[in-house]
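Have the 3D view open as you read.

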Amino acid sequence: SRFAGEFANERLTNNVHLDNDELKGRIIGKEGRNIRSLETLMGVDIIIDDTPNTILVSSFNLYRRAIATKTLQLLIADGRIQPARIEEIFNKVSSEFEANILHEGEELVAEMNVGVMHPELLKLIGRLRYRASYGQNALAHTLEVAYLAGIMASEMGGDPVLAKRAGLLHDIGKSLTHDHDGSHVDLGAEVCRRYNEGEVVINAIYAHHGQEESNTIECGAGCAAEP
């Protein structure tokens, strides 16, 4: 409770620097049309107060917040802050972020050497970088589990590649929970079935939260690797 406010501020807001406070009025716009357009389009709250040379972007969704922050920075640098330009910059930034998370997912899967994976799953893996759980970055956690699962499966005579694949996908549903109803377990199992992942992966998704028994060495290794 003593650090809750500081923690919440760090986790839920991004600062955007302004060269001068006159820009605040331009971001708000005539009768508030610019700030309404920004908040509606980007799905975040923009907080403009008396803090000098600073505005805050607030959202529980780290991915959406990162896109909004970059969009605002580009708009401020460009100087043309009006609804049509806001939408143009936002669409450009969103496309760049989608390309970047796909590229990151591709690199991670290639580095882990776990075989071919559907592009939509690769995007979701890359998107885990913008998700936190229990104070830890979800992508960092996923990589830890995957590496440890592969090592343990190998020691126990299982398939380390399959164990690493299950580890990479065990929390994939966390990439979806901000935009879809349901638990990350059910969402993860659903999306992995949709893109034809095997039963070991599906079992690992359910088993790491105790919703199923581990049926294989690879799944057991993934559950043991979960801290």
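## The second largest cavity

Val145, Ala166, Gly167, His170, Ala204, His208, Gly222 and Cys223 line the second largest cavity. Two elements each give two or more residues to this lining: helix H8 (160-169) and helix H11 (217-225). Helices here are DSSP runs of H or I with at least four residues, strands are runs of E with at least two, and both are numbered from the N terminus. The lining has 4 nonpolar, 4 polar and no charged residues, where Ala, Val, Leu, Ile, Met, Phe, Trp, Tyr, Cys and Pro count as nonpolar, Asp, Glu, Lys and Arg as charged, and the others, Gly among them, as polar. Its volume is about 30 Å³.

A word on the model itself: it is predicted, with local features needing pLDDT of at least 70 and side-chain atom pairs pLDDT 80 or more, while totals for chains, interfaces and linings use all residues. Residues are numbered from 1 along each chain as its sequence is written, and side-chain values use heavy atoms, leaving out hydrogens and water.

## The largest cavity

The structure holds 2 cavities of 30 Å³ or more. A cavity is a set of points, on a 1 Å grid over the protein atoms alone, where a 1.4 Å probe fits but cannot get out; lining residues have an atom within 4 Å of a point. Points are joined across faces, edges and corners, and a volume is the space filled by probe spheres set on them.

The largest cavity has a volume of about 60 Å³. Its lining divides into 3 nonpolar, 4 polar and 3 charged residues, and among them are Asn61, Tyr63, Arg127, Lys174 and His178.

## Helix H5

At the N-terminal end, Gln82 caps H5, with a side-chain oxygen 3.1 Å from the backbone nitrogen of Ala84. After H5 comes Asn113, whose phi is positive, near 55°.

## The sheet

An open sheet of 3 strands runs in the order E1-E3-E2, with antiparallel pairing. Strands pair if DSSP finds at least two bridges between them. Strand E1 (13-17) and strand E2 (45-47) stand at the edges with a single partner strand each, so one side of each has no neighbour in the sheet.

E1 and strand E3 (residues 54-58) are joined by 5 bridges, and Asn15 stands opposite Leu56 in E3.

Methods: 1 Å grid on protein atoms, 1.4 Å probe; cavity = no way out; pocket = protein on both sides within 12 Å on 5 of 7 lines; lining within 4 Å. Polar contact = N/O pair within 3.5 Å; in protein donor to acceptor, adjacent residues only side chain to side chain.
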